[in-house]
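Biologist: I'd like to learn how to read a few features of a protein model. Could you put one up and take me through it?

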Amino acid sequence: MKITGVRVFVTRPTGLNYVVIKILTDEGVYGVGEGSLNGNEIVVARYLEHIKELLIGHDPHNIEDLWHLIYRSGYWRSGPVFKAALSAIDFALWDIKGKVANLPVYQLLGGASRKAVKVYGHAGGRDAKEIEDSVRSFLERGFKIVRCQSGDYGGSGRLDYEPPIRDGVPGTAIFEPAGYLLETPRNFEHLRNALGMEVELCHDVHEQLTPTEAAWLAKQLEPYRLFFLEDPVMPEEREGLRQIRQSCTTNIAIGELFTDRDECMMLFQERLIDYIRIAPLHVGGITEARKIMVLAEPFSVKSAFHGAADLGPISQAAALHLQMVIPNFGVQEWTDFSSSETLCELFPTPCKLVDGYAHPGGAPGLGIDFNEELAKKFPYQSTYMPIVRRSDGTMHRY
């Protein structure tokens with residue numbers, strides 16, 4: 001079997017752009033992959049167009065060799081654009097291998113270690129009571145773990161967005177930490193009083209705080225037994241996690257912005273985190289994400305793979321296949337793509353949720369497809385990440 005072509009698509013079906021590839025073979029079997037990168041999709045797509053010629057003529061079964069062929073194809077390696085492109089190729093190659101073997105990818109990785117993958121949903125509200133009501137709605141749908149937020153990213157410390165400057169260019173949000181730092185512990189005090197201590201709750205700081213602020217917050221939240229506190233500091237301030245660790249025993253999760261195993265190693269070795277939040281989509285695919293989880297296992301670090309809506313249905317399927325297998329599984333962030341009729345038509349058979357658990361299914365490969373003709377009806381539109389400033393106009397951390 002030989003690779004005969006690679007098709008690259010950028011489509012925007014629901015307000016978010018997705019980068020999708022199809023790797024074609026001379027035997028008619030094709031694989032689908034995804035390289036979405038919020039705000040930079042067109043850059044990833046152009047890079048895929050640049051490197052796809054390196055794959056032509058190779059045997060798609062040789063995933064490890066092709067991974068290193070692409071990884072070592074340039075003098076500069078790693079980074080989010082490069083790793084998203086590499087992940088798209090890796091996903092598609094695993095999809096081909098599964099289809100040829102007539103097995104789901106998780107069986108090729110060693111078989112299931114669990115019946116299904118436990119996931120968490122996103123609850124939120126303007127105040128503690130609204131958050132409580134939102135959490136209850138998730139529990140009623142069978143979720144076992146729920147993320148709890150007040151307002152937008154970072155909670156009440158962030159004020160409403162100003163109107164967009166023009167189409168596609170976001171307005172500016174204002175963030176001041178004092179309100180957020182004071183309100184968040186009060187919200188969790190309310191939630192524990194209303195829901196009890198056994199319900200699994202987590203919270204995402206979205207890298208808004210300094211290490212000292214984050215340590216103070218983690219200490220204040222310690223009595224409320226969080227499943228984890230996510231992204232308390234920016235990824236480049238990994239050393240700041242020592243300060244948080246020394247202040248309390250609140251579980252810490254970080255890593256959704258990581259693209260390289262070297263970013264993880266110190267955190268594992270010094271036991272500074274409890275959950276690693278990488279996305280297979282952004283670290284080099286199933287091939288590399290599995291190696292990172294092997295490195296995490298001796299240090300009791302569990303997976304909590306990133307799975308926001310800007311990571312599409314193919315990425316979600318790939319993450320579920322890997323999390324079905326690894327022994328140090330923790331949880332999977334969940335986006336319900338199956339609730340969108342458009343996405344179900346564009347990505348036939350997206351993964352579904354049953355009673356708080358997701359399963360990638362038993363179909364060969366990744367178990368998901370891509371309708372390239374339908375994708376043409378949803379052309380790419382440029383988007384940008386939010387702009388956040390302090391009240392005096394200074395650019396904020398996010």
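Biologist: Let's start with Cys202: buried or exposed?

Modeller: Buried means under 20% relative accessible area, exposed over 50% and partly exposed in between, with a 1.4 Å probe and protein chains only. Cys202 has 0% relative accessibility, so it counts as buried. Cys148 counts as buried too, because its value is 3%. Bear in mind that this is a predicted model, where local features need pLDDT of at least 70, side-chain atom pairs count only at pLDDT 80 or more, and totals for chains, interfaces and linings use all residues. Residues are numbered from 1 along each chain as its sequence is written, and side-chain values use heavy atoms, leaving out hydrogens and water.

Biologist: How many disulfides does the structure hold?

Modeller: A disulfide is a covalent bond between the sulfur atoms of two cysteines. Here the test is a pair of cysteine sulfur atoms within 2.5 Å, and the structure holds zero. Take Cys148: the closest cysteine sulfur is in Cys202, 6.8 Å away, so that's too far for a bond.

Biologist: Okay, on to helices. How do I read a packed pair?

Modeller: Two packed helices are described by the angle between their axes and the distance between the axes. Helices (H or I, at least four residues) and strands (E, at least two) are DSSP runs, numbered from the N terminus. Axes are lines fitted to C-alpha atoms, for helices over the stretch in contact, and angles run from 0 to 180 degrees between N-to-C directions. Helix H9 (residues 262–269) and helix H11 (residues 285–296) pack at about 15 degrees, their axes 10 Å apart.

Biologist: What do we call H9 and H11, given that angle?

Modeller: Under 35 degrees is roughly parallel, over 145 roughly antiparallel, 65 to 115 roughly perpendicular, and the rest oblique. H9 and H11 are therefore roughly parallel. Contact means heavy atoms within 4.5 Å; Cys264, Met265 and Phe268 in H9 meet Ile292, Leu295 and Ala296 in H11.

Biologist: And how do H3 and H11 cross?

Modeller: Their axes come within 6 Å and cross at roughly 100 degrees. So H3 is roughly perpendicular to H11. Among the H3 residues that meet H11 are Phe91 and Trp94.

Biologist: Last one: what is the strand order in the open sheet?

Modeller: Strands pair if DSSP finds at least two bridges between them. The order is S1-S2-S3, three strands with antiparallel pairing. S1 (3–11) and S3 (30–34) are the edge strands, each pairing on one side only. Helix H3 (residues 80–101) lies across S1, S2 and S3.
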